[in-house]
Amino acid sequence: MASVDFRDNLLGISWVDSGWVPILNPGNVLDYFSERSNPFYDRTCNNEVVKMQRLTLEHLNQMVGVEYILLHAQEPILYIIRKQQRQSQTQVIPLADYYIIAGVVYQAPDLGTVISSRALSAVHGIQSAFDEAMSYCRYHPSKGYWWHFKDHEEREKVKPKSKKKEEPSSLFQRHRVDTLLLDLRSKFPPTFYQPKPGEKPIPVEVKKDPEPPTETVKQEEREPATKSSAPAPPSKPPPEKRARLQ
């Protein structure tokens, strides 16, 4: 049975007769194409005249008008049929091409239709992009224009709150810290230093104050002992004796 999808534009329809599909070949593909249910076939063509008069397809070269020829065949899957206007035996004008794939007939689009379709697809994509961009645009008289994205709000909800950055130290604090560090370094000098990164540290010689002689130390120890054995002077003078009244 034949199935036809009728639309205004022939580029949007297809036709197939499942009874012919198993036996299609280059010899009978034009007969298959000339079926009455095929919407792509023109009944006023020269092929119909030759078919009614039971002539061979070679007589098409001697006629003038619209005709169909088999342009290319790739058995058993692909056949290309051309519709052309014959003006003489050597001069023809192509009108349309039809390709048959697995028995299904389609009309091949012309160059103008392809360019128009591609341009329409591009314009549609650009228009969709502009519409989506305008949906995120907001305006307020006091704020002006800004973008409002829904996914940005979702990210802000999911995103953990980051800690506030600590404020940098003031100039006075940095100067004070440097002063304390220099003071500590002078009191506690380093015992090792490293000339270059990766080299072995070298110990630093720390100069110690010379120890006092032993005799001087002993004499200093004796002097406090001697001083402590002497009686301490009275802090207050004794009270004066008064004459006794008789």
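**Briefing: salt bridges, pocket and surface patch**

At 35% relative accessibility, aspartate 183 counts as partly exposed. The model is predicted. Aspartate 183 forms a salt bridge with lysine 187, and the count for the structure comes to 3 salt bridges.

- The closest N and O atoms of lysine 187 and aspartate 183 are 3.9 Å apart.
- Both residues lie in helix H5, with a spacing of 4 residues, about one turn of the helix.
- Lysine 187 is exposed, at a relative accessible area of 56%, whereas aspartate 183 is partly exposed.

- Arginine 86 and glutamate 67 meet through their side chains in a salt bridge of 2.9 Å, N to O.
- Glutamate 67 belongs to strand S3 (residues 65–74) and arginine 86 to strand S4 (residues 78–86), so this pair ties together parts that are 19 residues apart in sequence.
- Both arginine 86 and glutamate 67 are buried.
- Another salt bridge joins arginine 82 to aspartate 97, with the closest N and O atoms 2.9 Å apart.
- Arginine 82 is in strand S4 and aspartate 97 in strand S5 (residues 92–101), so the pair ties together parts that are 15 residues apart in sequence.
- Arginine 82 is partly exposed, at 22% relative accessibility, and aspartate 97 is partly exposed at 24%.

**Largest pocket**
- The volume of the largest pocket is about 200 Å³.
- Its lining consists of 14 residues, and those that lie nearest the centre are Leu30, Asp31, Asn47, Lys51 and Leu57.
- By class, the lining residues are 7 nonpolar, 5 polar and 2 charged.
- At least two lining residues come from helix H1 (29–33), and at least two from helix H2 (46–52).

**Nonpolar surface patch**
- Val177, Leu181, Leu184 and Phe188 make a nonpolar surface patch of about 420 Å².
- One of these residues, leucine 184, is found in helix H5 (residues 171–187).
- Leucine 184 has a relative accessible area of 46% and is therefore partly exposed.

**Tyrosine 41**
- Tyrosine 41 is located in the loop between H1 and H2.
- Tyrosine 41 is buried, because its relative accessible area is 8% and the cut-off for buried is under 20%.
- The C-alpha atoms of tyrosine 41 and lysine 83 are 9.2 Å apart, while the two residues are separated by 42 residues along the chain.

Key
Residues are numbered from 1 along each chain as its sequence is written. This is a predicted model: local features need pLDDT of at least 70, side-chain atom pairs count only at pLDDT 80 or more; totals for chains, interfaces and linings use all residues. Side-chain values use heavy atoms; hydrogens and water are left out. On a 1 Å grid over the protein atoms alone, a cavity is a set of points where a 1.4 Å probe fits but cannot get out, and a pocket is an open set with protein on both sides within 12 Å along at least five of seven lines; lining residues have an atom within 4 Å of a point. Grid points are joined across faces, edges and corners, and a volume is the space filled by probe spheres set on the points. Ala, Val, Leu, Ile, Met, Phe, Trp, Tyr, Cys and Pro count as nonpolar, Asp, Glu, Lys and Arg as charged, and the others, Gly among them, as polar. Patches are made of residues with over 30% relative accessible area and no salt bridge: like charges are joined within 9 Å, nonpolar side chains (Val, Leu, Ile, Met, Phe, Trp, Tyr) within 5 Å. Accessible areas come from the Shrake-Rupley method with a 1.4 Å probe; for residues, only the protein chains shown count as cover. A salt bridge is a side-chain nitrogen of Lys or Arg within 4 Å of a carboxyl oxygen of Asp or Glu. Buried means under 20% relative accessible area, exposed over 50%, partly exposed in between (1.4 Å probe, protein chains only).
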